[in-house]
Each structure stands twice: as C-alpha cells, then as structure tokens.
Amino acid sequence: MVTPTPGRPVRGSTTGRPLMAALDLFGRRWSLRVVWELHEGALGFRALRRCCGDMSSSVLRQRLVELIEARLVHQTPDGQYALTALGRQAHTALSPLVDWSATWANELAEHSSEHSPEHEAAAADAPDIP
C-alpha cells in the first residue's frame, strides 16, 4: 500500500491536496492511535503494540512504515519509535478535534436522553402549562 503524501492522488481525492493526503493517512486503521501513543515519548515495538491493545504486529509494522515515510515517526538509534517534529505538530493539531469530539458526544448524549422512553413518558405525564 502506498503511503499517502501531498501531491499524489489518495483515497477519496484525485487532487493531491495536503489535507486529503493527511485525512487518508490518519484514516488508516491504527494510524492515529500510533501517533497518540507516541506523543508522550518513544516506545519499542512490543511496548507500542501493547499500548495499541495488542494490535496485529503486521498491521503495526505497516503503519510504522507509512508513518516513517510520511516523516511523522522515526526510529531512534536504540530501536524505539518516536514522533518527529512533524509528528508532534500533527498531535498538537489534532488536540482540538479531541475537545470537539467530547462536546459532540455530550451533545448527542443529551439529545438522546431527551428522547429516551423514560423522558417521553415523563413529558406525557407532565401537566400542560401555557
């Protein structure tokens, strides 16, 4: 599988726009998780695999190859994997999305509880107040 990079067609886009390449890269299974797990510091392959819920070693190897080719991750002299400056910037750029997703989840949960059977029954029993 070819690593998505700006300037080349990627899944979902033939334009090669940098954003589309980034979305393709981060949309690949486990890519975001690898970046997320490495944001606190370098990890060896086995430790990284454990942090990622014992994901398949072949998938982890593929994602690491892609993230290295994309220059978001590098292998340290002692064989560990760490984020590059670009990888740290990517993590920082994604942090507002984490905040937004929490707001989104809360909004959906509130909306869901407003339309729950218990809420509907309580609303039906409530007196009409003009």
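Me: What classes of residue make up the lining of the largest pocket?

Reply: The lining has 11 nonpolar residues, one polar and no charged ones. Here Ala, Val, Leu, Ile, Met, Phe, Trp, Tyr, Cys and Pro count as nonpolar, Asp, Glu, Lys and Arg as charged, and the others, Gly among them, as polar. Before we go on: this is a predicted model, where local features need pLDDT of at least 70 and side-chain atom pairs count only at pLDDT 80 or more, while totals for chains, interfaces and linings use all residues. Residues are numbered from 1 along each chain as its sequence is written, and side-chain values use heavy atoms, with hydrogens and water left out.

Me: What makes something a pocket, and which residues line the largest one?

Reply: Picture a 1 Å grid over the protein atoms alone: a pocket is an open set of points with protein on both sides within 12 Å along at least five of seven lines, whereas a cavity is a set where a 1.4 Å probe fits but cannot get out. A residue belongs to the lining if it has an atom within 4 Å of a point. Pro4, Thr5, Leu25, Phe26 and Leu86 are among the lining residues of the largest pocket. H1 and H5 are the elements giving two or more residues to that lining, and H1 has the largest share, with five. The space inside is about 210 Å³, where volume means the space filled by probe spheres set on the points, joined across faces, edges and corners.

Me: How many helices and strands does the chain have?

Reply: Six helices and two strands. In order, you read α-α-α-α-β-β-α-α.

Me: Why is Glu66 called buried?

Reply: Buried means under 20% relative accessible area, exposed means over 50%, and partly exposed is in between (1.4 Å probe, protein chains only). Glu66 comes in at 0%, so it is buried. You'll find Glu66 in helix H4. Leaving aside neighbours within four places in sequence, Glu66 is in contact (heavy atoms within 4.5 Å) with Met1, Thr3, Leu25 and Arg28.

Me: Why does Phe45 count as buried?

Reply: Phe45 has 18% relative accessibility, so it falls on the buried side of the cut-off. Phe45 sits in helix H3 (residues 45-51).

Me: What sits over the ring of Phe45?

Reply: The charged end of Arg61, 4.5 Å from the ring's centre. The rule asks for NZ of Lys or CZ of Arg within 6 Å of the ring centre and within 35 degrees of the ring normal.

Me: Why are Trp100 and Trp104 called a stacked pair?

Reply: Rings of Phe, Tyr and Trp (its six-membered ring) pair if their centres lie within 6.5 Å; planes under 30 degrees apart count as stacked, over 60 as edge-to-face and the rest as tilted. That rule gives one aromatic pair. The ring centres of Trp100 and Trp104 are 5.2 Å apart and the planes are at 15°, so this pair is stacked. Both lie in helix H5, four residues apart, about one turn of the helix.
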